[in-house]
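Please keep the sequence and the 3D view side by side while you read, and look for each part as it is named.

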Amino acid sequence: RDVLQERNLNGELSVLCANREFFQALKTRDIERMSDIWHKGDHSCCIHQAQRPVHGHQPVMESWEHIFRNARQKDVGCE
């Protein structure tokens, strides 16, 4: 039982760390940091607000580059 609780806690901590990294990359518009948290294969999928899904690591990163380059500072964030 303790092993299961530890695994659950480790899983939760992993998710929290990934979320923190994602939002820090988003806040700072750091494309390298954003790239580090995405799967580097064709199975990556990102759905931006009111957009069609983007599949594959390279297209996902290109979509983030476009957002970081074209959005005003207040437009990049999370509600």
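How many helices and strands are there in the protein? There are three helices and two strands, where helices (H or I, at least four residues) and strands (E, at least two) are DSSP runs, numbered from the N terminus. Starting at the N terminus, the elements follow the order α-α-β-β-α. The model is a predicted one, in which local features need pLDDT of at least 70 and side-chain atom pairs count only at pLDDT 80 or more, while totals for chains, interfaces and linings use all residues. Residues are numbered from 1 along each chain as its sequence is written, and side-chain values use heavy atoms, with hydrogens and water left out.

Consider the protein as a whole before turning to its parts. Of its 79 residues, 24% are buried, a word that here means under 20% relative accessible area, with exposed meaning over 50% and partly exposed in between (1.4 Å probe, protein chains only). The accessible surface comes to about 6,400 Å², and 51% of this surface belongs to carbon and sulfur atoms; such areas come from the Shrake-Rupley method with a 1.4 Å probe, and for residues only the protein chains shown count as cover.

What lies inside? In soluble globular proteins, nonpolar side chains tend to be buried together. Here the largest nonpolar core has ten residues, namely Ala25, Leu26, Met34, Trp38, Cys46, Val54, Val60, Met61, Trp64 and Phe68, and a nonpolar core is a set of buried Ala, Val, Leu, Ile, Met, Phe, Trp, Tyr and Cys residues joined through side-chain atoms within 4.5 Å. Two or more residues of this core come from each of α1 (2-28) and α3, and α3 gives the most, with four residues. Trp38, one of the core residues, touches Ser44, Cys45, Cys46, His57, Val60, Met61 and Trp64 when residues up to four places away in sequence are not counted, contact meaning heavy atoms within 4.5 Å.

Phe68 counts as buried because its relative accessibility is 8%, and its C-alpha atom is separated by 8.1 Å from that of Ile31, 37 residues apart along the chain. Ser63 is buried too, because its relative accessibility is 13%, and a polar contact of 2.8 Å joins its side chain to that of His48. A polar contact is a pair of N or O atoms within 3.5 Å; within protein, one must be able to donate a hydrogen and the other to accept it, and residues adjacent in sequence count only if both atoms are side-chain atoms.

Finally, turn to the loops. Most residues other than glycine have a negative phi. Arg29, in the loop between α1 and α2 (31-37), has a positive phi near 55°, and Ala50, in the loop between β1 (45-46) and β2 (54-55), has a positive phi near 60°. Arg29 is partly exposed because its relative accessibility is 22%, whereas Ala50, with a relative accessible area of 78%, is exposed.
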